[in-house]
Each structure stands twice: as structure tokens, then as C-alpha cells.
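Please look at the sequence and the structure together before reading on. The paragraphs below then lead from single residues to the way the chains meet.

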Amino acid sequence: MLMKKNLLFILLGVLFGYLYPQPCTNPVTTNCSDAVAGTSRFYMSTPGNVDFVFTEMRQYINGITLSGATQLRLKIDENNGGNCKWRLMMYVDNNNTLPPNQWETINTYGNSGNIPELDLIQVKVYNGCGTPLNSGVYQVFAGNTQYDIIDIIPELPNINPAGTCDPNNPTNGAGSYLTYYNEYNFTIDYRIIPGFRHRPGAYQIKIWFCLKEVP
Amino acid sequence: MRMRKVIGLLVGMFLLSGVTFGQLIDEKNVTVTMELQPVLQLNMTTPDQIEFVFDDIKDYYGGIIKYAATILKVSSSVTWDLYAVGTSTNGQYWDQQVAYGSGANSTNQIPLSALELRQYEPNQYAQDATGAQVDYSNAFAPANVASPGINSIYYSAAPYTAPGADQKYIQGTKGTAIDALGNPVDGAPGGSYLISVPPAGSFSDYYFTIDYRIVPSLPAIFPNAGLNDGTSEAITGGLYAQPGVYTMNVKYILLEDQ
């Protein structure tokens, strides 16, 4: 009977593990309130589509920047006083395109040039307190492969409570963008400078933002 | 009994799922779409009409040269070729607009290849070109030395059909070969004259000047007219070009490497 229960747990774990693509795995602690059924909230207040259309030479040379294209707002409530700690990261998903370093090709308009790679897109994350890792600096998915991660608020050994507002001690405890806007709000700019080596066409990737509790 | 087991399992799953979702984890995503539309821009600085007026004996003998009469500037997001093509109503001879007199032994069939071009800088991407001349970079031969086809313009009645590998291109040639590093060898890589830094004393791969020359000679048989393989197209048979006004059209075609 006990064996059957364990098997059931394993099956359910696998089942619910699939709900979140890697690397946003289920947390192992429950110090923070759930963002789905509980009172914590993870808002993305901007559209879910970010479109870059290159039609002119100056765009190929200078690139296109979409400022503030994504805005994330957090409201983190805790279950156990003082123990709620979270991590925020983003990772890139090319819909299992192979090789794994390339954008998913929707269509091509020519024959010359290479399929764009994942490290082409640049992202800049910032907020009023400068708490994101590498705040205000354009970064790329340097691993250049599917599910490569850029940490926004990394997993830290200690909890920095709301109101810290210190880039060296990023806020990662309970709090809300309603009361500590500059610590629980994150703005993301996107930039692509294609240059001249890519094959004309339409390409797609997905960028995931994962908020999860950490022990 | 069986139904109770099923209900029990469902209740268990529901409770367990509650435990799973009781943890702080959530995801959002954005779909990033990038559309790269091919851009090929050819900026040309040139007079609408380039006129050659032969009204002096020395012009007939020495020819007339129009230095840097055309400047070509390329910007392209894709690998590209550039060629010049002369054309006319029949695609082979100049169009005679006006005839001055009707002298015996004259002909109004002046070959389009009588027009010579000289380009700066030479074609850098013509690895698989097979013609005697891959471009128009040769210096004009002295006017008293016949050099059929060396600098003669490529001509065609179908100017938008790209020339074969045996014809002259200004940049690139027929073919899409790449080298071991993936770089094109039969077409210039995408880029722009705006940002390309040329070697000292040279132009970049995206900037060209074109000189024009016509040498009628006397009698006016246009001794330098010829095909790219060196076959002369000078007027023969004791004929000479009928005095008059003639026109032809020169097109510069920028296209994706093909």
C-alpha cells in the first residue's frame, strides 16, 4: 500500500513538473504564498509579443531597441514570517529547434546568410533601486543554447527584506510593488543589432520569466 | 467498490495538486519575433545623360573619356552581385535617333560593346568566374591599340537576366559558392558603404567609380568593341558608322547573390 502511494507521488510529480518547462522547477519549500492559488502575484503588465521588423538599412546597422517592452511586477506574501525568499530569472526557449543555438525559423526570404543564433538578442533589466543582477546593462544569453538562463534576482544565501533598496543586497523577501515599487518592479528592454550575416526571414523565440521560491 | 477507488484517487490527486501549487512558482513569457526583410540599396550619382560628342578629329582618334561619371554606393543586408548591362531596342546595337546624311558605305549598326567602362576598385568576389575578363578594372588601352572586349560593356536584350560566369561583373559573379569558413566567394557579403572601412588608398567593397570611354577611330569602326572572350565586334566590311545621334541605356543591377 505504501509503495502504491509513493508511486502515485512520483507520477504526480512528473505530471506537474511538465507544467513548467525547464529550468523553472518546483520549489522545495513553502515559506512564500502561492502565486496562483495563494495571495502572491506575478504580473506582466505589457503585451506578450515583442516584434522586431527590419526593413531599412539603418536598422540593420544601428539595430532596433524596444524600451520597456516588458514590465514585471511582484507581490510576494509569506506563509512563515521572515523565511520567504525568492529568485527571478529569465531563460530562452527556441521551441526545441535544432541545432539548439538557433532561432526557430518561421519563414525564409532568401538563400544567403545564416540562421540567427540565440545570443543575437540583447536584454537589459532594471528597476528604480538597481537590484537586478547587471542592472541597466545589455546582456545576451551567453550560453547560446535553449534554456540558457539570465538571472535577474539570483538565489542568494540571505534574505534582503523589502525596503533595502540596495543593488549590492537585492531585495528578495516578502513585499509588493504597491509599496516598494522600485524593488518589486522590473523593466526589460530588448535590442537586436542584426548586422549583415543573417538570412532574410521571420524567426521566433520565447523568453520565459520564472519567479520561484528558494530555500 | 471500483467507483470508490477511482473517486478516492481523484480526491488524492486534487489534494496533492494543492500541495504542489501551494508553493511560490509562476512563469510569464514573451514571444519575440524578428523579421529580417532583405534590403538592397544602390545609390548612384551620375548625370541623367552622359554625352559623347565627336566633333573633332582628335576625338575620333583618341576617343572621349568621362572620368568617374558614375559613382555607385551599395548597401545590402544579403550577399550580393552587381553588374552593368548595356541595352537598346534590339539589345545589340545603339539606337539611331537622328542620321546626318546618308553617306555611302555607312551603317547605323554601332555595337553596344563600343562603350567601354573602367571600374575602381576591382571585383573581389569572382572565384568561379570563367570569362577572359571578370570585371572592368583593366586600364583603358592606348587609343591606337585595338583591345576588343577588354573593357567593353556586357550587353543584352534581357538586361534583368543575370549574366553568366563568363561575363563581366562589377562585383561578384554567377554562383553562390562559399569558402571553408562560410564566407561567400562569388558574391560580396552584406554590408554598407556607410560603415565599411576601406584599406588605405583604396575604396571599400561597397563603393565604385565608373569611367566611360568611346573610341570611334577613323574610319569610325569602333575597334575596341568586342565580346568578353576577345572576339571583335568592330564594324567591318569596309563600312563605317553613319554620322548621327545614337543612344543606348546602361543599367546597373544590384541583386542577391545567385
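E121(B) lies in the loop between β7 (116–120) and β8 (191–192) of chain B, where helices (H or I, at least four residues) and strands (E, at least two) are DSSP runs numbered from the N terminus. A cis peptide bond, with omega about -5 degrees, joins Y120(B) to E121(B). This is a predicted model, in which local features need pLDDT of at least 70 and side-chain atom pairs count only at pLDDT 80 or more, while totals for chains, interfaces and linings use all residues. Residues are numbered from 1 along each chain as its sequence is written, and chains are lettered from A and ligands numbered from 1 in the order in which they are written.

A cis peptide bond also joins L218(B) and P219(B), with omega about -5 degrees. P219(B) is found in the loop between β9 (207–214) and β10 (240–241) of chain B. Two further residues of chain B deserve attention for their backbone angles. A68(B), a residue other than glycine, has a positive phi, near 45 degrees; A68(B) belongs to strand β3 (residues 64–76) of chain B. With 14 other C-beta atoms within 10 Å, A68(B) is partly exposed. On this scale a residue is buried if 20 or more other C-beta atoms lie within 10 Å of its own, exposed if 12 or fewer, and partly exposed in between, with C-beta atoms placed from the backbone. N105(B), again a residue other than glycine, has a positive phi near 65 degrees, and its place is the loop between β5 (95–99) and β6 (106–107) of chain B. N105(B) is exposed, with 10 other C-beta atoms within 10 Å. As background, most residues other than glycine have a negative phi, and most peptide bonds are trans.

Chain A can be taken next as a whole. Chain A has three helices and eleven strands, and along the sequence these follow the pattern α-β-β-α-β-β-β-β-β-β-β-α-β-β. Taken along the principal axes, its C-alpha atoms fill a box of roughly 60 × 50 × 25 Å. Of the 215 residues of chain A, 36% count as buried. Two residues are in contact if their C-beta atoms, placed from the backbone, lie within 7 Å; among contacts in chain A between residues at least 6 apart in sequence, 71% join residues at least 24 apart.

How do the two chains meet? The contact takes 61 residues from chain A and 39 residues from chain B. On the side of chain A that touches chain B, the elements that give two or more residues are α1 (2–17), β1 (41–44), β2, α2 (57–62), β3, β10 and β11 of chain A. The largest share of that side, 13 residues, comes from β11(A). Its residues divide into 38 nonpolar, 16 polar and seven charged; here Ala, Val, Leu, Ile, Met, Phe, Trp, Tyr, Cys and Pro count as nonpolar, Asp, Glu, Lys and Arg as charged, and the others, Gly among them, as polar.

Strand pairing also links the chains; two strands pair if DSSP finds at least two bridges between them. β11(A) and β1(B) run antiparallel and are joined by twelve bridges, with Q204(A) opposite T33(B). β2(A) and β1(B) run parallel and are joined by six bridges, and D51(A) stands opposite T33(B).

The largest nonpolar core has 50 residues, and L211(A) and V32(B) have the most contacts inside it. Such a core is a set of buried Ala, Val, Leu, Ile, Met, Phe, Trp, Tyr and Cys residues joined through C-beta atoms within 7 Å. The elements that each supply at least two residues of this core include β2 (49–54) and β11 (201–213) of chain A and β1 (25–36) of chain B. β11(A) gives the largest share, seven residues. Leaving aside its neighbours within four places in sequence, L211(A) is in contact with A35(A), F42(A), L74(A), W86(A), L88(A), I25(B) and D26(B). A second, separate core of 41 residues includes Y93(B), Y125(B), A143(B) and I235(B).

Finally, the confidence of the model: pLDDT is the predictor's confidence in each residue, from 0 to 100. Chain B has a mean pLDDT of 90, and 91% of its residues reach 70 or more. Over residues 10–21 of chain B, pLDDT stays under 50. The model scores ipTM 0.86 and pTM 0.80.
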